[in-house]
Amino acid sequence: SRAGLLIGSNSPRASPPVPLRKPKNKGSMSNRKSIRKSRKSMSRTRSLSPRTREEFRKSRANIVPLLHAHDDSITNPVPTNNNTKKRAQLETSREDRAISDVNVCVSRLLPTKLHEEIAKQLSLQLQASKEEEQSQNRRRDAGGKILPSKYTRPLSIHIEAEFNRKIVIPDPIVMEDPPPNFDPALVAAWRTFEEILFTENQYVRQLAVVITEFREPLERRYRIIPEEDILRIFSNINDLYYISTHLFSLLNEEKAKHKFSSRNVGRCFLQCVDRFSAFLFYCTNQSFAMQTLEAHIASNKRFRNFLEDARLKGQSREDLGGLLIKPFQRICRYVLLLKELAHSMPSEWDTVDTIYEAIGRIDEIVAQANEKKGFMDQEIMLRKIRKMVDLSLEGTHSFIHEADFEDHSKGKQSKRHLFLFNNLILITKKVTKAKHITKHSIPLDCCLMWDQPKEKEKNSFILVRTDSPVKIHMVFISEALKVSIMDRITEVMAGLYGFTGDS
């Protein structure tokens with residue numbers, strides 16, 4: 001039959017046509033990135049043992065819905081209760097229970113090597129969300145609106161809310177001469193008042209330059225350095241701008257008075273002196289600000305270029321480091337200008353008493369600022385020295401001075417570096433700029449100094465340790481430096497033994 005012929009025939013069966021293969025679709029860029037990420041994650045798991053790898057895969061599949069469930073239990077609102085204290089206790093217990101439950105579920109599902117770190121991170125995230133909610137409740141105003149977080153900085157909530165002005169660079173002013181028929185005895189007082197007004201205008205302009213040409217571009221347009229370093233460098237300089245702008249406006253109001261004897265400059269300062277505590281915060285932070293600025297200048301090329309462009313294109317043409325020290329210089333100059341104004345005015349004027357009262361108030365703030373700035377400078381210098389030397393400086397040390405010298409002991413000439421503290425002399429060998437090797441550590445109560453005559457060897461003295469045979473022949477680059485070092489060591493030793501200049 002026809003079917004038999006087909007079955008029994010030796011001719012090859014006709015094969016169906018082979019379909020053409022479509023070219024592989026590589027997919028979009030996002031697909032390719034996801035494939036690469038999955039391959040990387042698989043390569044990480046290949047380094048684990050088979051059992052650990054299986055536990056890891058199961059944990060990834062099981063922990064996600066559990067964590068979402070706990071997130072929902074935390075974020076869902078608690079039913080309202082009239083008793084506020086009871087509601088707060090319920091929220092606290094609910095969050096603590098959620099944190100402990102997350103720790104338990106993570107520890108059960110993940111391998112031992114992984115669950116501790118992940119549980120720690122989840123607990124920190126939950127705690128951070130709790131603190132953020134508390135911070136928002138503290139920052140709610142009377143209408144229930146959450147204020148921006150920048151208002152939580154010291155003093156800003158009062159100063160910015162009171163003035164609430166846009167920061168602009170004011171126009172420059174010039175010092176005016178007294179009128180033609182002005183009393184010659186009051187010309188010095190007139191010029192001092194004009195100097196106070198003129199220098200205050202310059203100072204406000206410098207603060208505005210720092211904010212508008214350096215700080216605001218770094219915060220809003222450029223992401224060159226971290227936000228916390230921006231805050232560390234500029235601190236509360238915005239507060240100082242608002243204070244000085246207010247003081248400048250008060251001085252202008254006094255200038256508008258026709259009669260010179262009625263200009264009460266002291267009252268202007270007394271109205272602002274309560275806010276001068278902002279200078280204390282700024283001066284305390286200034287050492288850290290300059291250290292942070294110098295570190296970024298040394299290591300960040302983009303930051304260096306930004307500072308140079310801002311300086312060349314700006315109105316001040318002064319570098320940022322010089323502008324940042326202006327507030328400390330200004331508050332010190334207030335006292336000098338007010339004293340000069342009081343001395344040049346007739347003592348019988350009523351306005352003189354307010355000037356002296358303002359001088360006393362500002363003097364107290366300057367003394368506190370100097371004390372805090374000196375303390376912070378000491379802390380920064382001690383931290384720097386501890387990093388440089390290979391000796392643990394334990395105890396209470398106050399850095400006083402440092403200098404380079406040559407050690408001519410034992411017939412050799414070796415370059416050395418001296419650190420003088422309030423109770424210790426540290427002599428090191430400088431390997432690099434940031435690393436020193438300690439050669440001698442001499443307590444000041446165990447040392448003597450012998451001055452060397454110029455005929456024998458110039459610019460030198462010998463330091464002897466009384467409790468050991470150590471003798472160091474110190475040669476300095478100049479006679480003035482040698483005398484300065486010897487005077488400082490003598491002064492510190494006198495204070496250590498309780499001697500005074502008269503004894």
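Predicted model: local features only at pLDDT ≥ 70, side-chain atom pairs only at ≥ 80, totals over all residues.
**Entry on aromatic pairs.** I searched the whole structure for aromatic pairs, and the search returned 13. I then looked up F214 and F306, which form an edge-to-face pair with 6.5 Å centre to centre and 90° between the planes. This pair links distant parts of the chain, since F214 sits in helix 7 (residues 187–220) and F306 in helix 12 (residues 301–313), 92 residues apart. I noted that F214 and F306 are buried.

My next pair was F399 with F421, again edge-to-face, at 6.1 Å centre to centre and 75° between the planes. Here F399 belongs to strand 1 (residues 399–407) and F421 to strand 2 (residues 414–421), 22 residues apart. F399 counts as buried because its relative accessibility is 15%, and F421 is buried with a relative accessible area of 0%. I also recorded one aromatic cluster, formed by F182, W190, F260 and W349.

**Entry on salt bridges.** The search of the whole structure for salt bridges gave 17. I looked up E195 and R333, whose closest N and O atoms are 3.0 Å apart; E195 lies in helix 7 and R333 in helix 14 (residues 326–343), 138 residues apart. Both E195, at 22% relative accessible area, and R333, at 35%, are partly exposed.

Within helix 7 I found R220 and E216, 4 residues apart, about one turn of the helix, with their closest N and O atoms 4.0 Å apart in a salt bridge. R220 is exposed, with a relative accessible area of 63%.

Note on methods:
Residues numbered from 1 in each chain as written. Heavy atoms only, no water. Phe/Tyr/Trp six-rings, centres within 6.5 Å; stacked < 30°, edge-to-face > 60°. Helix = DSSP H or I, 4+ residues; strand = E, 2+ residues; numbered from the N terminus. Buried < 20%, exposed > 50% of the residue type's maximum accessible area, 1.4 Å probe, protein only. Salt bridge = Lys/Arg side-chain N within 4 Å of Asp/Glu carboxyl O.
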